[in-house]
Amino acid sequence: MKTVAPINYDLEFETDFGNFMFRGKEKIQIKISRPTRQIILNAAELQIKDCTVISNQKRLKAKVRLDAKNEELILNLPGRISGSAVLVIDFVGTLNDQLIGFYRSKYEYQGKERHLATTQFEAADARRAFPCWDEPEAKATFDVSLLVDNNLTAISNMPVVSKKRLGKKTLYRFDKTPIMSTYLLYLGVGEFEFLQGKLGKTLVRIVTTRGKKSQGKMALLFTKQFLAYFQNYFKIPYPLPKLDMIAIPDFASGAMENWGAITFRETVLLYDPKTSSTDTMQHIAEVIAHELAHQWFGNLVTMKWWNDLWLNESFATFMATKAVDKIYPGWDFWDQFLISEMTGGLSLDSLKSSHPIDVTVKSPADVRQIFDEISYNKGGSVLMMLESFIGQENFRRGLHNYLKKHEYSNATTEDLWNSLGSTSRKPVRQMMNTWVRQIGYPIIEATLYDSKIKLSQKRFLLEASAKPQRGSWMIPISVRVEDKVITKMMKNSTTIPYHGNWFKVNDGQKGFYRVRYDEDSLGKLGKLVEEKRISNLDRWSIHHDLTALVLSNQYPLKYYLDFVRHYEEEDDYVVLSDIVGFLNFLYVALSGEKFWEEIKEFNRCFMSIVFQRIGWNPVKGEKATQALLRSSLINSLGKLDDKDVSTESQERFSNLLRTKSLNPDLRSVVYSNVAWNGNLKTYQLLVSMYHKAPTQEEKIRFLGSLSNFKEKQLLEKTLAFALSKNVRTQSLFVPIARMVANPYGKDLVWPWIRKNWKGLVKRFGVGNPLLNRIIGSVSVSSNLQKEKEIRSFFAKHHVPGTEMKLAQSLERIRIHAKFLESVRKEYG
């Protein structure tokens, strides 16, 4: 037990937009378990103006020392104190522009530059706004007051209980919060508009900057639908009287689950029916559902320490899919889960430099590194596997019991396994510890032998290892033998009786593992794919596993290109998305090789066959996913220099310039295809359209298209433009991500990073997740010389919190280099 623990924070902040500063006063009620003369809190980037401690009705002046390296405020007292006391601290801080702590966000309204102040405290940045015990287990209640200019509005987690005008300022006082962690506190100050509704007694508000509230209608509908779903699913009411969904112009991640005051990037909350795409609508729904799931998983019950971050993020990921699929079954969200979650999880966890779901975390820099495809995607995928193993109702009841037992408190992974285990009476803890505590996942070798299917497991890695890899998983196996499904728990290896013509392991892709078949069995599955006699999810997994075996040089590329012809009549979005994704990867990875034209022609031929069935125009009553597939194919065919697609893209763009009319689902790909065939004049036109774009969503489309030119000079202009004040820090990664997917631009990115690294670090600030994304962009390379150069550069220019991403990026370069070497040999 800690010597000093907070009970309540009474906080008052005053914002000053003239100097981008804030002043703060706090009174922290603390409990001291044993006599001490030293109190240590967290604080960073704050000036402490005054500090006293009230104990036994005596005011003690504290000697103050700030330890910048450890982000600690050390208070030394003249004598020992114990029991209850109050810390009184006056401090000053900066409304920074680095998107963490208490920061400022810039936007335009009626042609004038405006600012708002907002917060982002997860994982460990509440300490940048006020001295506190900034860790999840140090839960307390919060009484917040904000003193703001009269023309501004203040928002916090709870409703306003009083407003008092004090000259040119107004003091907003908010109701006391429930007991909660510091990272969930919210402070917002700005010229806000509100679109509001109610769900039962809960006030729901969409909060925007002025002139944008009409774009919040879709978000208001989604919020009420998903809030009702979760209350019913968990059988626990949402515990706060109000829920604000706040659109912030500058925001580092997608959204943040502050209790009762959830913040979002504008592009994941605001929807314009005239210009927003199907993809945007579905993304908004998914992110809203994800953040609402956190109001129970993370906020009501919080992990004890950051090693269990996955308890927050995996559950929100998994539950969001559940909620969206329930309310919008036509969107096939469980199918899309394979693309959005499982693909990223399987990819990152096939690296030696991955990490376990339950990972050791010592510092804030460690925490920030694990907001990744393991904590979100792999975690969500293993939860899907677990629910399939114990049954949906056992899973729901186990979650309810867990939430009730630990509400307003903290819990660990073990607490959850115990709850699900006692509800289902199955070996949940034993099984799940093999998935959560060890790195990686298995590949199952499936071979036919003597009327039996023999299954054995080993860890799957994309980069071959000389050392035998440790790892053994308890796998809930499901094997389809024609029309019958056999399930069993597999520990190391197992056999299954086989009487039939074919079998498929991992029925419905519920399990987080890959499968390698003997060649005869895989050949039979290819025929079943062609005839569509197995489900779309099984067709997806056969293809997805084969791509990983090709990339790790266990199958020749020519074998894959022959096998993928079985999919020429494929019509399912999830399956085709996987195929198009891998063919696009080949197109970029093998660019410049003497056999590149051959790969390009294969891709164009395959995609044209599929696109002919879909066409440019939506058909009445088609699935929402058809729109996603259509834009994906048009984008790919444009880059493959398909004449028909290029011509039609240009015609539709010309028509947009004349009539302002273009299907929102086609805008992004049409802009990109026009750029692909464009020149300097085209470039200037797209930049001009970027500046005039009325929404962030439309701006991002134009910004992305600027990375789709072929001409080196124009692409270099785009990289320079990305660093200009015309591009928000949060959007800087967009042109980089597009550039590395452009065969003519991919080699320009690393020299640009190297040249601008100091400026990028300064702009983002240490700890910003966007910095890791920039580092990750180098992983498209397949040049071992470049791998050495990158390794050497970052050894000299190290930034804390980037170590994991750098190791993963270097490993991917080595994987791509070995793959390229293998393909070169194959093609002679």
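Reader: What caps the N-terminal end of H18?
Author: Asparagine 679 does, with a side-chain oxygen 3.1 Å from the backbone nitrogen of lysine 681. Helices here are DSSP runs of H or I, at least four residues, and strands are runs of E, at least two, numbered from the N terminus. The model is predicted: local features need pLDDT of at least 70, side-chain atom pairs pLDDT 80 or more, while totals for chains, interfaces and linings use all residues. Residues are numbered from 1 along each chain as its sequence is written, and side-chain values use heavy atoms, without hydrogens and water.
Reader: Which residues of H18 are buried?
Author: Thr682, Tyr683, Leu686, Val687, Met689 and Tyr690. Buried means under 20% relative accessible area, exposed over 50%, partly exposed in between (1.4 Å probe, protein chains only).
Reader: What do the buried ones pack against?
Author: Helices H16, H17, H19 and H20. Contact means heavy atoms within 4.5 Å.
Reader: New topic. Where is the cis peptide bond?
Author: Between glutamate 122 and alanine 123, with omega about 10 degrees. Alanine 123 sits in the loop between strands S8 and S9.
Reader: And tyrosine 408, what is its phi?
Author: Near 60 degrees, a positive value in a non-glycine residue. Tyrosine 408 lies in the loop between H7 and S20.

Definitions and conventions:
Polar contact = N/O pair within 3.5 Å; in protein donor to acceptor, adjacent residues only side chain to side chain.
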